Amino acid sequence: MLAPTECGDAPVDLADQDLRAAAPIQLARERPFRLGAVDVRPATREVVGRHGREVLEPRVMQVLVALARAGGEIVTRDDLIASCWDGRIVGEDAINRVISRLRRHSEGVGRDGWSLETVTKVGYRLVPAGERGELAPAPPAAADSRRRALVLSGGALGVLALAGGGLAWSLRPRISAKAQTLYDKGREALRQGQAEPTAQAVGFLREAVAEQPDFAPAWGALAQAYQKSLTFTDPARQAGVHAQAEAAARRAMTLDPDQPEAAAALAMLTPIYRNWAEAETRFLRALALHPREPAVCVGYCKLMLSVGRIKAALGASETALAADPYSPYHHSSLGLALWSLGRTEEAERVARKALTLWPRHLAIWFLLFHILAYGGRGDEAMALAAQVDGRPLSVPPEDIELSLTGVRALLTRAPAEVEIAVRAHLAAAARGVGFAENAMQWMSALGQLDAAFVVARGLFFDEGFRLGSQRYSAGQGRFMRAQARNTYQLFMPATAALRADPRFPGLAAELGLAAYWRGPGRAPDDPAWARTA
């Protein structure tokens, strides 16, 4: 039963209105109501609960109202078309997209209010929180032959029988408290993006699907956990982990074709490096179905940064952060995009705010460190590094000192300091992929462009030196295969001089970026980057 809420006009109990779900919905005329512990305000499209506040898209709110009107009964696609699309002919994809977006809200702010169930080949059903798998007695509704075909007993929904067909379809099963707890813990651990929490996420989520084998969101989250763990997996074992991620995603989508975490994992498993066009196609396909899925948005952000389309990257990072503000990598992605666009003050604010929540997080700490170092504020970068108890825990002191050689050289421009930095970073470049990425940036910022291009050719083409799979020092436990190199550093503030060099178009052409940029709608933010060699 829907409960009234204290907001706006005089609240009403929607069940008492005796309205059919198929009646046309005009949001401006809909009264506020409550689902579980969540307030729903159709006129302003707001959903408000203890997990925050979200503003739904108009069509998504219409569908939520239509499902709420049904009082726990099934709402068919025909009903939704009549009430939310004014009876216009719409494709399956349009309805699927709206349902997917509503499901995402159901797992966010709405988690204390309702769950959304898909009844295969029948329709959809909204279940208020605390009524998993059960229906409270529904109010009388207008005659509807599709609904009268449902078999209800004692307020509990056992089996849905299709009238005249004799076929039975089971609703999504009730999720055990243990499986739900394991899933929640796994999702929380997955947000951190570090080796140990990611391993914990895999463990929690494997236990969740063992406890509840038909729990589609847990399978989808497990696929994401496997995908994220590839960063911390030696390449000799990555093929097996990659296969585990794909299998978990396929299992999730067998249980629920709209499962957003599984769609995100499959998109993220697509190689980006020198595979720009295909990767974009797959990400856009995932975004069409799940436009607010944070993992898809962050992956698309990285792709756009990697091809010099920074404005598109910013939009994706903003969407990811709005959907999930409690992941440190969503903050670092936004800061990186802002900084790459030259919006340095905003990027710094993002980084400093994030550091108050995750004081020693590697990605956020280095984002702020590099903003200061490359922005002519080397003294502040050195002061940040001097706070030893605030440094990232996984980074050894000698790696911090390596970065400080570049800071001192930029700060003083003294020939001796520049020579020390060049020698140190060129020596480190051959020891790890991440060291090479950093060396290319330091050489460019210091005006040592010959050295910058030497490092770039080693990094991308194995010329001069051949890199292994290790990113940084062995103790950090991070790996990257040659097929997964990063190119977003080519479009950051530190490499502005490298991009302005006559050799850059040739480098872009060899990487396949120039060919990608010639595709429709794929031009980089700065047309000068797309010059042919």
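Reader: In which sense do S1 and strand S2 pair, and over how many bridges?

Author: Two strands count as paired if DSSP finds at least two bridges between them; strands are DSSP runs of E, at least two residues, and helices are runs of H or I, at least four, numbered from the N terminus. Here S1 and strand S2 (residues 38–41) pair in the antiparallel sense over 3 bridges. One of the bridge partners is Val 38 in S2, facing Leu 35.

Reader: Happy with that! What is the strand order of the sheet?

Author: The order is S1-S2-S3-S4 in an open sheet of 4 strands, with antiparallel pairing. Strand S1 (33–35) and strand S4 (52–55) each have a single partner strand, so one side of each lacks a neighbour in the sheet.

Reader: How much of the model can I read this way?

Author: This is a predicted model, where local features need pLDDT of at least 70, side-chain atom pairs count only at pLDDT 80 or more, and totals for chains, interfaces and linings use all residues. Residues are numbered from 1 along each chain as its sequence is written, and side-chain values use heavy atoms, leaving out hydrogens and water. As for pLDDT, it is the predictor's confidence in each residue, from 0 to 100. The protein chain averages 83, and 85% of the residues score at least 70. Over residues 1–21, however, the pLDDT is below 50.

Reader: Is helix H2 largely enclosed or open?

Author: Buried means under 20% relative accessible area (exposed is over 50%, partly exposed in between; 1.4 Å probe, protein chains only). In helix H2 (residues 77–84), 6 of the 8 residues are buried, so the helix is largely enclosed by the rest of the structure. Among them are Leu 80, Ile 81 and Cys 84. Just after H2, Asp 86 takes a positive phi of about 55°.

Methods
Contact = heavy atoms within 4.5 Å.
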